Amino acid sequence: MLDLKLRHQIGAFSLDLNFQAARGITALFGRSGAGKTTVINAVAGLITPDDGYIRVGDMDLFDPARGVNLAAHQRQAGYIFQEARLFPHLSVAQNLRYGMRYRGARPTPDFTDIVEMLGLGALLQRRPAMLSGGEKQRVAIGRALLAAPRILLADEPLAALDEARKQEILPYFERLRDEMDIPILYVSHAPTEVARLATEVIMIEAGRIQAHGRPSEVFSDPHSLPAGSREAGAVIEATLTAHHEDGVSELRNTDLALFVPRLSGDLGRKLQLRIAAHEVILATQKPQGISALNVIEGTIHSIRSGDGPAVLVAVDTKLGRILARVTRRSAHLLGLDEGRAVYAILKTLSVAREDIG
Amino acid sequence: MSDLLGPAEWAAIALSLKVSFWATLASLPLALLVAYLLARCNFFGKQILNAAVHLPLILPPVVTGYVLLLAFGAQAPVGQALAAFDLGFAFHWTGAALAAAVMAFPLMVRAMRLSLEAVDPKLEDAARSLGAPPWAVFATLTLPLSLPGVLAGAILGFAKAMGEFGATITFVSNIPNQTRTIPSAIYTFLQQPDGEQGALILVAVSIFIAILALVLSEILARALSNRIGGRDA
């Protein structure tokens with residue numbers, strides 16, 4: 001368990017927040033410059049905040065009131081950076097083992113287990129310069145884990161990778177989230193990643209916490225992202241219940257089925273699914289003869305308009321709250337208003353694979 | 001070749017190599033420390049240290065030699081104190097080594113500082129996050145990554161020490177077998193009516209040693225930068 005309270009001033013920017021993070025992935029989400037990286041750098045001991053405290057489990061990392069400020073190397077905080085930061089003069093195996101000699105008597109993951117889990121067996125003798133971006137990041141994950149951290153920090157670990165490499169790395173973070181018994185602080189500005197990985201989301205804006213909760217709660221709030229943003233989209237939780245032969249998988253939440261492109265994974269698996277707000281169509285009557293497989297009945301909870309042509313409509317359904325991004329004009333023509341019954345329409349093929357995890 | 005080199009020439013060559021070797025070796029750790037302080041640390045008086053280190057590069061060598069004479073000469077308090085322990089520099093080959101070390105120091109520090117600054121501090125942060133204490137970060141990361149520059153600095157310092165003349169002759173004079181290094185020997189030969197041949201031979205030897213040092217440093221630098229650049233050998 002991470003328990004943290006920070007106050008820090010850098011020029012005109014001020015950071016003032018406190019939160020706790022349990023095991024699983026706690027995503028620090030927000031625009032660049034919001035202060036996310038400052039938070040994890042403070043936990044890692046790479047910067048010293050003006051005031052506050054940082055505790056991991058029973059260990060005080062920082063508490064000026066009691067004169068505690070552990071040096072970075074004493075904090076047992078594993079750090080996965082955006083640019084891997086492998087040591088160029090060492091082989092992959094030497095990089096992986098780097099933190100092992102400093103970890104003392106702590107119980108640690110087995111070297112071969114980590115190598116196997118991350119698929120690094122064939123790379124051990126290589127130098128970092130000979131690795132692809134995705135391979136480098138896998139080595140960086142292994143290196144951090146083998147130092148036996150009590151908390152794991154990840155700063156936009158996928159941001160420097162192309163889409164295919166992101167898909168290669170995402171499953172490893174899912175495994176860390178599900179299998180590791182330590183808190184993971186994961187900084188990201190990509191809603192897709194956060195929706196898929198996060199156990200909890202902390203939305204940070206200008207150094208303050210804007211919202212804190214499960215992704216399904218935070219992302220279904222139409223105020224969580226600007227109405228003009230194409231990145232708006234609610235997250236719903238569902239269970240994988242069937243793989244159909246025509247290439248469609250079926251998810252269920254309560255008794256409502258949702259059809260999405262074919263997924264991998266065992267039936268019964270719990271999933272977080274992000275539904276991009278701009279892919280959702282609203283209708284005031286149940287549409288007939290329509291190709292979209294998902295027509296979901298609901299009630300408008302709220303409407304938020306920004307400066308642009310779009311409004312964000314929050315619709316309460318049996319699946320949970322869904323966000324739809326429609327034009328101000330459509331909202332006006334259809335007479336959309338709070339409490340109005342509507343149908344949210346979602347094409348199966350408009351659900352992106354990377355939004356499900 | 002051995003016919004060409006008389007005992008006086010051999011003595012000068014051997015003495016030059018000895019003086020330069022010890023001058024380089026003894027000042028290497030200090031140069032590395034100063035380079036690290038200048039490259040990585042912020043402290044009061046940093047600019048003063050920087051200026052002091054560079055002073056011998058700018059001052060006329062004769063001035064540096066005279067300052068050394070005032071500080072460590074046989075009449076100076078420090079020199080007398082050291083002489084009591086049989087550690088005097090005055091008119092002794094160690095004095096030539098001291099003069100060479102002082103003159104080579106700024107060049108060594110400059111080369112080392114540049115290569116230390118080229119090591120990405122972000123890699124050092126990564127090492128600290130893996131539990132490496134500061135000395136280990138330096139030993140396992142900063143030093144190996146900057147080794148080509150450190151060695152280049154050492155070779156540069158050695159070459160400078162081989163060529164040192166002004167400060168040496170001012171500080172410890174020109175005594176055969178003690179302080180008559182190659183440059184002093186060439187100077188001596190040129191003062192003699194029949195000394196031209198001896199001077200020419202030593203000039204050739206100087207050129208040979210200089211080229212050897214350059215080639216050696218080039219080979220070292222290339223091998224190391226390959227290793228550090230992460231290309232498989």
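In chain A of this predicted model, 69% of the contacts between residues at least 6 apart in sequence join residues at least 24 apart. The chain comprises eight helices and 20 strands, and 45% of its 357 residues count as buried. Its radius of gyration is 22 Å, which agrees with the value near 21 Å that a compact globule of 357 residues would have. Taken along the principal axes, the box filled by the C-alpha atoms of chain A is roughly 65 × 50 × 35 Å.

Chain A is divided into two parts, domain 1 covering residues 2-213 and domain 2 covering residues 233-355. The centres of domain 1 and domain 2 of chain A, taken over C-alpha atoms, are separated by 33 Å. Contact between the domains involves five residues of domain 1 of chain A and six residues of domain 2 of chain A. On the domain 1 side, helix 6 of chain A (residues 191-197) provides the largest share, with four residues, and by class the residues of that side divide into two nonpolar, two polar and one charged.

Within chain A, five strands form an open sheet in the order 2-1-4-5-6, with antiparallel pairing. Strand 2 (13-21) and strand 6 (68-69) of chain A are the edge strands, each of them pairing on one side only. Strand 2 of chain A is joined to strand 1 of chain A (residues 2-10) by nine bridges, and these two strands run antiparallel; in this pairing, A:Ile10 stands opposite A:Phe13 of strand 2 of chain A. Helix 1 of chain A (residues 36-44) packs on the sheet, where it touches strand 1, strand 2, strand 4 (51-56) and strand 5 (59-63) of chain A. The direction of helix 1 of chain A makes about 115° with that of strand 1 of chain A.

How values were computed:
Residues numbered from 1 in each chain as written. Chains lettered and ligands numbered in written order. Predicted model: local features only at pLDDT ≥ 70, side-chain atom pairs only at ≥ 80, totals over all residues. Rg over C-alpha atoms; globule rule 2.2 N^0.38 Å. Buried ≥ 20, exposed ≤ 12 C-beta atoms within 10 Å, placed from the backbone. Contact = placed C-beta atoms within 7 Å. Domains from an automatic or database assignment. Nonpolar A, V, L, I, M, F, W, Y, C, P; charged D, E, K, R; others polar. Pairing = 2+ DSSP bridges. Axes fitted to C-alpha atoms, helices over the stretch in contact; angles between N-to-C directions.
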